[in-house]
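Subject: Structure handover

Hello,

Here is the structure I promised to pass on. My notes on it follow below.

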Amino acid sequence: MIYLDHAAATPVNKKALEAMEPYFSHDFFNPSSAYLPAKKVSADYESAKATIAHAIGAKSSDLIITAGATEANNLAFTSVSLDGSCQLFSSPTSQGSAGVPLQSCYPSILYLVTEHDSVRKVAEQRGGKPIKVLKTGVIDLDDLKQKITDETELISVSLVNNELGTIQPLAEISAIIREIKIDRLKRGIKKQLLLHSDASQALNLLDINVARLGVDLLTLNSAKVYGPKGVGALYVSHDVNLKPLTYGGGQENGLRSGTENVPGVIGFAKAVEIAKEHLNGNRKKYATWRQTLLKELTDYELINKKHSVDNFVNLCYNNIDAERLIYLLEDKQIYVSTGAACAASKGQKSHVLAAIGLSDSQIAGSLRLTLGETNDDAQIHEAAKIINEVVAKEKERLQNV
Ligand code: PLP
């Protein structure tokens with residue numbers, strides 16, 4: 001098997017798996033229990049949280065552990081609450097039709113148009129407006145500046161896009177926000193203006209520091225960094241107020257009640273530690289493999305030419321159905337994708353590729369290869385050779401129909 005879909009899922013690192021094992025069996029205790037073995041589990045959990053927090057230049061008390069990045073993203077949006085005094089729907093009309101949503105009643109949220117659905121859907125549901133991207137996939141800063149109003153409370157821009165690997169200029173965005181906050185202060189406007197970033201795809205490829213990025217909220221995802229699935233975290237700056245995602249035992253500062261996923265967090269922390277240790281080496285390795293693919297593959301157009309992390313290779317094959325390529329490659333035990341795994345599985349057109357201006361036929365011919373730890377040099381050469389063969393065969397077939 002040659003797996004080239006590491007943006008969809010990563011296998012759990014063996015050392016992370018080993019670190020987790022005792023907490024399923026011997027150290028199974030509930031961290032909230034009063035006796036000593038449970039207190040030790042609680043201390044281990046806190047220490048794992050500290051490891052994850054330190055990796056982004058934060059403190060353990062700044063992190064809320066969640067069951068994945070979807071939850072963390074949704075929690076971030078509770079920083080902006082719907083105004084209780086506002087009637088969200090107009091009265092039903094005398095003809096009996098339902099009331100219409102009063103958009104002006106919603107708080108102002110801006111989100112990058114290319115965000116993952118776990119940001120896009122919650123932002124849309126709260127009346128958020130999309131910010132455009134340029135053809136490169138990078139945020140259109142002029143559009144951002146134009147759309148920020150005195151009502152804007154939250155701006156959400158992912159650090160690395162999950163379909164193209166585009167790195168967004170977070171520090172530049174936070175500098176713009178800082179200017180606006182100063183101006184608001186001068187004019188006596190007290191409304192908050194927060195920056196949230198979904199860094200799900202970034203932690204094992206970029207050196208992340210929350211202060212340097214200037215973010216108030218940052219989402220992390222264990223499943224993309226060779227940790228277990230179903231574990232994530234939200235970094236929350238000390239001055240940000242959130243509403244609970246779940247109500248119950250009061251774990252995670254009362255924001256995400258539920259017995260702690262101790263093995264999951266231990267595994268996440270170990271995976272983060274390993275990712276940090278190998279960050280530079282892995283980047284170099286992926287950059288070399290990317291170059292190898294671009295050199296050895298034929299007949300493609302490169303979509304993500306600039307500004308992307310080293311392990312994303314997005315290719316467009318003109319007049320070829322990429323869905324078919326995926327199945328043909330699967331027959332040769334090569335696993336790739338057309339885009340985000342969740343959208344692809346529903347047969348939806350990629351909103352990310354549409355946002356960077358690709359035509360429907362270009363979108364239909366797009367493949368995403370994401371390189372990672374399961375690969376080696378030989379696999380990369382082999383994958384290029386097989387993809388070329390499969391594409392050539394498919395072209396020949398199309399000529400004969
Ligand atoms: N955000 C990004 C950028 C992602 O790539 C993903 C997963 O594909 C998520 C959020 C959602 O993560 P999860 O399904 O683990 O909650």
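In what order do the seven strands of the open sheet lie? Before the answer, one caution: this is a predicted model. The order is S2-S8-S7-S6-S5-S3-S4, and the pairing is mixed. At the edges are strand S2 (63-66) and strand S4 (129-131), each of which pairs on one side only. From one strand to the next, the twist averages 20 degrees.

Within that sheet, strand S3 (residues 108-112) and S4 run parallel and are joined by three bridges. Leu112 is the residue that stands opposite Ile131 in S4. Helix H2 (residues 36-54) lies across S2 and strand S7 (217-221), at about 110 degrees to S2. Helix H4 (residues 117-125) lies across S3, strand S5 (152-156) and strand S6 (194-198), and runs at about 155 degrees to S3.

There is another open sheet, made of three strands in the order S9-S10-S12, with antiparallel pairing. Its edge strands are strand S9 (301-302) and strand S12 (366-370), and each pairs on one side only. Strand S10 (residues 312-316) is paired with S12 over five bridges in the antiparallel sense. One detail to look for there is Val313, whose bridge partner in S12 is Leu369. Helix H9 (residues 279-296) lies across S9, S10 and S12, running at about 15 degrees to S10.

H9 also holds an aromatic pair. Tyr286 and Trp289 are three residues apart in this helix, which means that about one helical turn separates them. Their rings are tilted, with 50 degrees between the planes and 5.9 Å centre to centre. Tyr286 and Trp289 are both buried. Over the whole structure, the search finds three aromatic pairs. Elsewhere, Phe28, Phe29 and Tyr35 form one aromatic cluster.

On the domains: the chain is divided into domain 1 (2-9 + 279-399) and domain 2 (14-90 + 99-277). Their centres, taken over C-alpha atoms, are separated by 29 Å. In the contact between them, 28 residues of domain 1 meet 33 residues of domain 2.

The largest nonpolar core has 93 residues, and those that touch the most other members are Ile56, Leu144, Ile155, Ile208 and Leu218. Helix H14 (residues 377-399) gives the most to this core, namely seven residues.

Leaving out residues up to four places away in sequence, Ile155 touches Leu110, Ile131, Leu144, Ile148, Ile177, Leu193, Leu194, Leu195 and His196. Among these, Leu144 is itself listed with the core members that touch the most others, and Ile131 is the residue in S4 that stands opposite Leu112.

Regards

How values were computed:
Residues numbered from 1 in each chain as written. Predicted model: local features only at pLDDT ≥ 70, side-chain atom pairs only at ≥ 80, totals over all residues. Heavy atoms only, no water. Core = buried A, V, L, I, M, F, W, Y, C linked by side-chain atoms within 4.5 Å. Buried < 20%, exposed > 50% of the residue type's maximum accessible area, 1.4 Å probe, protein only. Helix = DSSP H or I, 4+ residues; strand = E, 2+ residues; numbered from the N terminus. Contact = heavy atoms within 4.5 Å. Pairing = 2+ DSSP bridges. Axes fitted to C-alpha atoms, helices over the stretch in contact; angles between N-to-C directions. Phe/Tyr/Trp six-rings, centres within 6.5 Å; stacked < 30°, edge-to-face > 60°. Domains from an automatic or database assignment.
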